[in-house]
Amino acid sequence: TIQNGSVEDTYGGAILCENNSSPTIANCVFQNNETVDRNSSYDNENGGAIYCDNSSPMITDCVFSGNGADAYGGAIYCDNSSSPTLTNCTFSDNSADWGGGAICCNSSSPTLTNCTFSNNNANGDGGAIYCDNSSSPTLTNCAFSDNSTSSCGGAISCWNYSSLAVTNCVFSGHNASNDGG
């Protein structure tokens, strides 16, 4: 269990993966980790539990609960051509002040299989997942329930040439103040 990690004005409350790294992370619980904004700039506080920059971690059988980011990616933030593979992971009660209550992708292509997302929240876009800048996430056999946002995409929001591939996924009970409940 990795819990109560906190970092101010920078990335990754628990784990930072960068520069072509590909760690294997299995059977872990990430709980109550956070990135905190002390300078009121809302630009670096990404990835409450894990921040990926040009990396491809394999994350299997992990639980992400109660993690938060003062910017993007309450649990995980993927940046700069990152391609994480997540299998059998659970995301619940994570939050982000701007986008991606559970996961935020920026110019990245994560692959998620057999993952569940429930009760995640973003004050910006994407209650569970937010994709921007030509991101291409692939979701297979995933379940989304009761995620919310105060903007667009209660479950998932994609912007700026992002392309989402969804196969055999279930969506229920999401809420968005604007488009895409």
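This is a predicted model: local features need pLDDT of at least 70, side-chain atom pairs count only at pLDDT 80 or more; totals for chains, interfaces and linings use all residues.
Local features need pLDDT of at least 70 and side-chain atom pairs count only at pLDDT 80 or more, while totals for chains, interfaces and linings use all residues. Residues are numbered from 1 along each chain as its sequence is written, and side-chain values use heavy atoms, with hydrogens and water left out.

**Salt bridge**

- The structure holds one salt bridge (a side-chain nitrogen of Lys or Arg within 4 Å of a carboxyl oxygen of Asp or Glu).
- Glu-8 pairs with Arg-38, with 3.2 Å between the closest N and O atoms.
- Glu-8 lies in strand β2 (residues 6–8) and Arg-38 in the loop between β6 (34–36) and β7 (50–53), so the pair ties together parts that are 30 residues apart in sequence. Strands (E, at least two residues) are DSSP runs, numbered from the N terminus.
- Glu-8 is partly exposed at 45% relative accessible area, and Arg-38 is exposed at 52% (buried is under 20%, exposed over 50%, partly exposed in between; 1.4 Å probe, protein chains only).

**Nonpolar core**

- The largest nonpolar core has 31 residues (buried Ala, Val, Leu, Ile, Met, Phe, Trp, Tyr and Cys joined through side-chain atoms within 4.5 Å).
- Ile-50, Phe-64, Ile-76, Phe-91 and Phe-117 have the most contacts inside this core.
- Strands β3 (15–18), β7, β11 (76–79), β15 (103–106) and β19 (129–132) each supply at least two of its residues.
- Beyond four places in sequence, the residues that Ile-76 touches include Ile-50, Phe-64 and Phe-91 (contact means heavy atoms within 4.5 Å).

**Ser-92**

- Ser-92 lies in strand β13 (residues 90–92) and is buried, at 15% relative accessible area.
- Leaving aside neighbours within four places in sequence, Ser-92 contacts Phe-64, Ser-65, Gly-66, Ser-118 and Asn-120.

How values were computed: Helices (H or I, at least four residues) and strands (E, at least two) are DSSP runs, numbered from the N terminus.
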